Amino acid sequence: MLDNINILILAAGNSTRMKSSIPKMLHKLSGKFILQYVINIAKKINKKNIFIIYSNNLVKKTINDKNINWIRQIETLGTGNAIKESIKKIKNKKNKILILYGDVPLISIKTIKKLISNISNKTIKLITAKLDNPYGYGRIVRKENNVIKIVEQNNATIEELKIKEVNSGIFITDIKYLKKWIKQINLNNTKKEYLITDIIHIAYKEKFKIITVQPKNKIEIMGINNKLELYNLEKKQQKEKLKKMILSGVIIKDIKNCYIRGKIKYGKNLVIDSNVIIEGKVTLGDNITIGTGCIIKNSIIKNKCEIKPYSILEDVILYENCSIGPFTHLRPGTIINESNSIGNFVEIKDSVIKSKSKIKHLSYIGNSSIGSKVNIGAFFVTCNYDGINKSKTKIGNNVFIGSSTQIVAPIKIVDKTTIAAGTTIIENTQTPGLIYNKKIQKHKKYWKISKKTKNK
Ligand code: UD1
Ligand code: MG
């Protein structure tokens with residue numbers, strides 16, 4: 001039955017109301033393209049027969065999905081014209097056609113399944129919902145409870161504007177009838193477009209059954225036409241997501257200022273403080289605390305880790321029992337094994353830290369492998385870049401590194417080395433011991449700062 005359905009996603013148009021140089025479909029809702037939500041839903045119904053009508057090439061190029069049949073709408077003359085142009089390219093005329101709107105991203109698979117099940121002949125089924133504020137949407141006009149037409153905001157009478165039931169844009173019917181009705185749509189004088197919604201009255205006159213299906217949640221049918229609608233929908237979507245997380249056992253301190261822009265998996269006893277952003281694919285184990293102001297992107301964090309305030313983790317794997325932050329920046333390619341403690345103003349990229357090491361203050365570690373039980377003092381830098389090449393640093397186990405130390409890579413430091421404070425390491429160490437640079441400390445007696453010097 002699902003194989004019988006062609007899916008057409010409307011994604012063309014001028015996006016005028018977005019007031020943006022980026023097409024509406026490529027704006028992001030909680031980190032994902034608006035259009036991608038609709039594509040994902042379509043794929044859950046029928047992977048093979050998905051058609052998208054687009055007008056801006058950037059949409060096709062950015063989504064870059066070869067499994068979709070892309071159709072170009074040359075002149076963006078409205079939803080009626082978009083469907084007319086597309087339907088010519090859809091070969092199997094016997095089938096049903098499901099119309100999805102690219103700018104109605106949160107429709108659920110459940111509601112779509114309700115829509116496409118049990119469709120009898122000579123029927124249009126469409127998704128509608130009652131909104132407290134129906135402004136901007138097409139209104140569902142009923143007579144004796146039967147749908148007789150859809151009237152758009154600009155064409156509605158004062159009485160019709162009071163109708164709360166609105167059109168989602170999403171419907172299913174037979175291709176062959178749709179093709180016939182489309183030819184009968186006239187150019188709308190107010191909008192100077194062909195409106196697909198006009199087919200409802202045509203079908204009604206032809207004694208077709210017009211059946212409406214309601215979503216469980218009203219956010220499913222909300223469209224995005226401008227940036228305020230985008231903002232409002234994202235806020236609503238986030239609120240729902242975070243409420244669900246709270247009910248599943250997570251402590252979230254501030255729903256209004258916490259964003260999950262991607263997919264999050266988590267275990268027991270997760271605590272998220274205010275102003276936290278989770279992006280991409282993030283997997284969290286049990287007993288994890290994320291402090292205020294943290295950003296965590298595409299990372300895996302295992303059990304019993306604490307991410308203290310204002311830390312940023314991107315493409316990182318963090319093993320059990322680690323303490324990160326405050327103000328730590330872990331950049332792509334970083335793997336921190338169990339029981340490590342990384343502190344204030346430490347930046348680590350493309351490096352592996354074995355277990356039970358401490359890097360507590362002000363350090364930069366890049367392209368390095370650091371052993372177990374290593375203690376790194378403040379102001380430690382791996383000098384990994386000579387302007388052209390990146391070089392590696394390898395530090396063994398049980399190494400103690402004093403403060404203000406630089407390591408000029410490529411370099412290897414063996415296990416159990418102690419590096420004195422203020423050392424610049426330029427050669428590999430071969431055996432355990434103390435490494436230091438010889439420095440001369442001078443002492444000038446009776447030193448006084450003159451007034452002039454002091455003011456400089
Ligand atoms: C449309 C509906 C309205 C409904 C609302 C739900 C029509 C005439 N009106 O209004 O009843 O309540 O959606 O959100 O359909 N598009 C094209 N080619 C075009 C014009 C538009 O592909 O020439 C696409 C857009 O990318 C968008 C969809 O069609 O995905 C709807 O167009 P839009 O201009 O957003 O219509 P609305 O004013 O939102
Ligand atoms: Mg719209």
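These legends go with several close-up views of a predicted model.

Residues are numbered from 1 along each chain as its sequence is written, with chains lettered from A and ligands numbered from 1 in the order written. Local features need pLDDT of at least 70 and side-chain atom pairs pLDDT 80 or more, totals for chains, interfaces and linings use all residues, and side-chain values use heavy atoms, leaving out hydrogens and water.

**View 1. Strand 17 and its parallel partners.**
Two strands pair if DSSP finds at least two bridges between them. Strand 15 (residues 258-265) runs parallel to strand 17, with 8 bridges joining them, and Ile 264 has Val 282 as its bridge partner. Strand 19 (residues 295-297) also pairs with strand 17 in the parallel sense, over 3 bridges; look for Ile 277 with its partner Ile 295. Another 2 bridges link strand 17 to strand 20 (residues 300-301), again parallel, and there Leu 284 stands opposite Ile 301.

**View 2. The buried face of helix 6.**
Which residues of helix 6 (residues 175-183) are buried? They are Ile 175, Tyr 177, Leu 178, Trp 181 and Ile 182. Buried means under 20% relative accessible area, exposed over 50%, and partly exposed in between (1.4 Å probe, protein chains only). What covers the buried residues includes strand 1 (5-11), helix 3 (79-87) and helix 7 (199-205), where contact means heavy atoms within 4.5 Å.

**View 3. Two cis prolines.**
The peptide bond from Gly 325 to Pro 326 is cis, with omega near 0°. Pro 326 sits in the loop between strand 24 (323-324) and strand 25 (329-330). Ala 409 and Pro 410 are also joined by a cis peptide bond, with omega about 5°, and Pro 410 lies in the loop between strand 35 (406-408) and strand 36 (411-413).

Most residues other than glycine have a negative phi. Asp 315, though not a glycine, has a positive phi of about 50°; look for it in the loop between strand 22 (312-314) and strand 23 (316-318). Phe 327 has a positive phi near 60° and belongs to the loop between strand 24 and strand 25. At 38% relative accessibility, Phe 327 counts as partly exposed.

Note on methods. Helices (H or I, at least four residues) and strands (E, at least two) are DSSP runs, numbered from the N terminus.
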